Amino acid sequence: MTGVVHKYSIAKLKAIVISQLKQEMKNRSSNDLLDICLRLAKFRKENKELLTYLLFEVHDEQSYIEAIKSEMDQQFNEINQSNIYFAKKSIRKIVRATNKYIRFSGIKQTEVELLLHFCKRLVESGIPLNNSLALLNIYFRQMQKVKKVLHTLHEDLQYDYGEELKNIENLAQGLKNSIY
């Protein structure tokens with residue numbers, strides 16, 4: 001071990017700030033860093049998924065987006081619509097997974113594409129959103145996220161995604177007024 005022992009982090013089991021971690025990583029050999037990465041991958045499934053993205057998928061973002069959309073489509077097809085409660089649980093699960101994949105990428109364009117796809121699939125799913133305030137709130141929250149991120153993109157992309165956003169809003173016309 002080449003680093004300084006941080007008594008505060010060990011005593012309270014709190015994470016050290018990124019700058020300190022970065023400095024410590026600079027002092028480690030490549031073999032040590034490899035061992036640390038492999039240990040992190042074994043520790044949590046999400047770490048392994050992030051490592052998989054960084055090593056194998058970061059070079060082809062469009063394929064990554066298409067794979068996630070395909071997974072979303074499959075999850076939407078498997079939603080139990082017999083009860084609004086089960087549908088709501090499934091929708092929340094899809095939102096959590098989508099947000100995880102967005103965090104992995106960190107690219108705003110990817111975020112917009114995935115959120116738009118989610119909103120479109122939700123509206124097209126046939127789930128009676130009007131019967132559940134929680135589902136409506138999920139839908140509107142995702143649409144707000146899209147609008148917020150959309151303003152950070154290049155104006156050509158803003159126009160393209162803006163058109164898709166309008167199409168989804170047209171599909172969902174009447175949702176907001178139906179429950180309030």
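**Helix Packing and Burial**

The model in which they occur is a predicted one.

Q: Which residues of H3 and H4 meet?
A: From H3 they are Cys 37, Leu 40, Ala 41 and Phe 43, which meet Asn 47, Lys 48 and Leu 51 in H4. By class, this contact of H3 with H4 has five nonpolar residues, one polar and one charged.

Q: Why is H7 called roughly antiparallel to H8?
A: Helix H7 (residues 108–124) packs with H8 at an angle of about 150°, the axes being 9 Å apart. Because the term applies to angles over 145 degrees, H7 is roughly antiparallel to H8. The crossing of this pair, H7 and H8, is left-handed.

Q: Which residues make the contact of H7 and H8?
A: H7 contributes Lys 108, Glu 111, Val 112, Leu 115, Leu 116, Phe 118, Cys 119, Leu 122 and Val 123. H8 contributes Ile 138, Tyr 139, Gln 142, Met 143, Lys 145, Val 146, Val 149 and Leu 150. The residues of the contact of H7 with H8 divide into 13 nonpolar, one polar and three charged.

Q: How do you know that H8 and H9 are roughly antiparallel to each other?
A: The axes of helix H8 (residues 133–150) and helix H9 (residues 155–171) cross at roughly 160° and come within 10 Å. With the limit set at over 145 degrees, H8 and H9 are therefore roughly antiparallel. H8 passes H9 in a left-handed crossing.

Q: Which residues make the contact between H8 and H9?
A: On the H8 side they are Tyr 139, Met 143, Val 146, Lys 147 and Leu 150. On the H9 side they are Leu 157, Gln 158, Tyr 161, Gly 162, Leu 165, Ile 168 and Glu 169. By class, the contact of H8 with H9 has eight nonpolar, two polar and two charged residues.

Q: Why does Lys 100 count as buried?
A: Lys 100 has 15% relative accessibility. Buried means under 20%, and Lys 100 therefore counts as buried. Its place is in helix H6 (residues 84–105). Not counting residues up to four places away in sequence, Lys 100 touches Glu 46 and Glu 49.

Q: What makes Cys 37 partly exposed, and is Cys 119 buried or exposed?
A: Cys 37 has 34% relative accessibility. Partly exposed is the class between buried, under 20%, and exposed, over 50%, so Cys 37 counts as partly exposed. Cys 119 has a relative accessible area of 0%; with the limit for buried at under 20%, Cys 119 is therefore buried.

Q: How many disulfides are counted?
A: The rule requires a pair of cysteine sulfur atoms within 2.5 Å, and by this rule the count comes to zero disulfides.

Q: How many helices and strands does the protein have?
A: The protein has ten helices and zero strands. Buried residues make up 32% of its 180 residues. Among contacts in the protein with a separation of 6 or more, 67% are accounted for by residues 24 or more positions apart.

Methods:
Residues numbered from 1 in each chain as written. Predicted model: local features only at pLDDT ≥ 70, side-chain atom pairs only at ≥ 80, totals over all residues. Heavy atoms only, no water. Helix = DSSP H or I, 4+ residues; strand = E, 2+ residues; numbered from the N terminus. Buried < 20%, exposed > 50% of the residue type's maximum accessible area, 1.4 Å probe, protein only. Contact = heavy atoms within 4.5 Å. Axes fitted to C-alpha atoms, helices over the stretch in contact; angles between N-to-C directions. Parallel < 35°, antiparallel > 145°, perpendicular 65-115°, else oblique. Left-handed = near helix turned anticlockwise from the far one by under 90°. Nonpolar A, V, L, I, M, F, W, Y, C, P; charged D, E, K, R; others polar.
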